[in-house]
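Let's take a friendly walk through one protein model. Have a look at the sequence and the 3D view, then read on.

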Amino acid sequence: MRVGDLVDRARGGDPRAVARLVSIVEDGADGAGGADGSAELRAIMRAIAAAAGRARVLGLTGAPGVGKSTTTSALVRAYRRLGKRVGVLAIDPSSPFTGGALLGDRVRMQDHATDRDVFIRSMATRGHLGGLASATPQALRVLDAAGFDLIMIETVGVGQAEVEIASLADTTLVLVAPGMGDAIQAAKAGILEIGDVFVLNKADRDGAQQAVRDLRNMIALADWGETGWKPPIVSTVAVRGEGIDDLVARLDAHAAWLESSGELARRRQARALSEVAAIALAGLRARMGGLPGEARIGQLAEKVAAGKLDPYSAADELIASMTAAPPAARLGRMPADDIQD
Ligand code: GDP
């Protein structure tokens, strides 16, 4: 099937076409067709480029067990009631031993399994060190082009992932729960700074009010600069859907602020910048690793080791040799826009 047909079907709301595109994007960004993207992935990205930037992107993060899946599911329900089409990308840390997703498909998400206006995909982080799945920005583009009004990216709060989510999302939600020392942990991990909206979930548990107080104090201490946005704290009982309408209202307020302050444009440009930089770096690394790049860097290293060349001049030579003759297929001209089914 041609990429164009698949894209047309996805934009017409065909869930199978969306799933197929996301799979191609995942495989293509994973190095299967070259570290800087397979030919199919590149064809898809070209076909959907003009449709970018319509969806609102929400990032959700927090420690395991804090209620991210339950909250995501409750938000999906709330936005569906408002007639919005919703996409969810759940980022799973993958096991270094099996390469598979640890958490598997979220059970709670199955409430939405038969709704064709809800798309849910678990993405493994695979080789991408400590962070979001490397294909997440591209999967986001696919869902955006397919006309989803709202896209949620859910990450388990481990390491770098929370901070990376903030670079992809328009609005970042940080979830904490009472009695888990979460607020303090969040402060230590530096994720307080990335929260646009804080959610104190499990507000039915003991210590909820104390946790809100702790969180409020820590937010007050954090440096929000001149942004003009003070992150609110919303208490929820996600399992019962309590506080979700309030949360939706806060998210709407943040969306309005993003628009009126010019911050939305700034965030989206920053997102595009890191996306382009990551692809370019992957491309350069691939060329450095493969022949003739490998031979070239080998020769240069020999000279540097022997004291015949300094490392800066060697690096300049390497960059010049890598950019002098890029492979023809990488230069806009696509040999085949066909996809093998
Ligand atoms: P995640 O690991 O952050 O995605 O957390 P889950 O959404 O899987 O929730 C972890 C557990 O907490 C599950 O057993 C949920 O049913 C439970 N849970 C989620 N929200 C609440 C809540 O508001 N109150 C209580 N008491 N339990 C909750």
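Helices (H or I, at least four residues) and strands (E, at least two) are DSSP runs, numbered from the N terminus. The expected span of a helix is 1.5 Å times one less than its number of residues. Bear in mind that this is a predicted model, where local features need pLDDT of at least 70 and side-chain atom pairs count only at pLDDT 80 or more, while totals for chains, interfaces and linings use all residues. Residues are numbered from 1 along each chain as its sequence is written, and side-chain values use heavy atoms, with hydrogens and water left out.

**A helix to start with**

Helix H9 covers residues 244-261, 18 residues in total. From first C-alpha to last it reaches 25 Å, close to the 26 Å expected at 1.5 Å a residue. Some of its residues are buried (under 20% relative accessible area with a 1.4 Å probe, protein chains only; exposed is over 50% and partly exposed lies in between). Among the buried ones in H9 are Leu251, His254 and Trp257. Just after H9 comes glycine 262, with a positive phi of about 85°.

**A covered strand**

Now find strand E5, residues 171-176: 6 of its 6 residues are buried. Thr171, Leu173 and Leu175 point one way, while Thr172, Val174 and Val176 point the other way.

Which strands does E5 pair with? Two strands pair if DSSP finds at least two bridges between them. Strand E1 (residues 56-62) pairs with E5 in the parallel sense over 5 bridges, and leucine 60 stands opposite leucine 173. E5 also runs parallel to strand E6 (residues 197-200), joined by 4 bridges, and here valine 176 stands opposite leucine 200.

**Rings that meet**

Rings of Phe, Tyr and Trp (its six-membered ring) pair if their centres lie within 6.5 Å; planes under 30 degrees apart count as stacked, over 60 as edge-to-face and the rest as tilted. How many aromatic pairs does a search of the whole structure find? It finds 2, and here they are:

| Pair | Centre to centre | Angle between planes | Type |
|---|---|---|---|
| Phenylalanine 119 and phenylalanine 148 | 6.4 Å | 50° | tilted |
| Tryptophan 229 and tryptophan 257 | 5.6 Å | 35° | tilted |

The tryptophan pair links distant parts of the chain, 28 residues apart: tryptophan 257 is in helix H9, and tryptophan 229 is in the loop between helix H8 (208-221) and strand E7 (233-235). Phenylalanine 119 and phenylalanine 148 are both buried.
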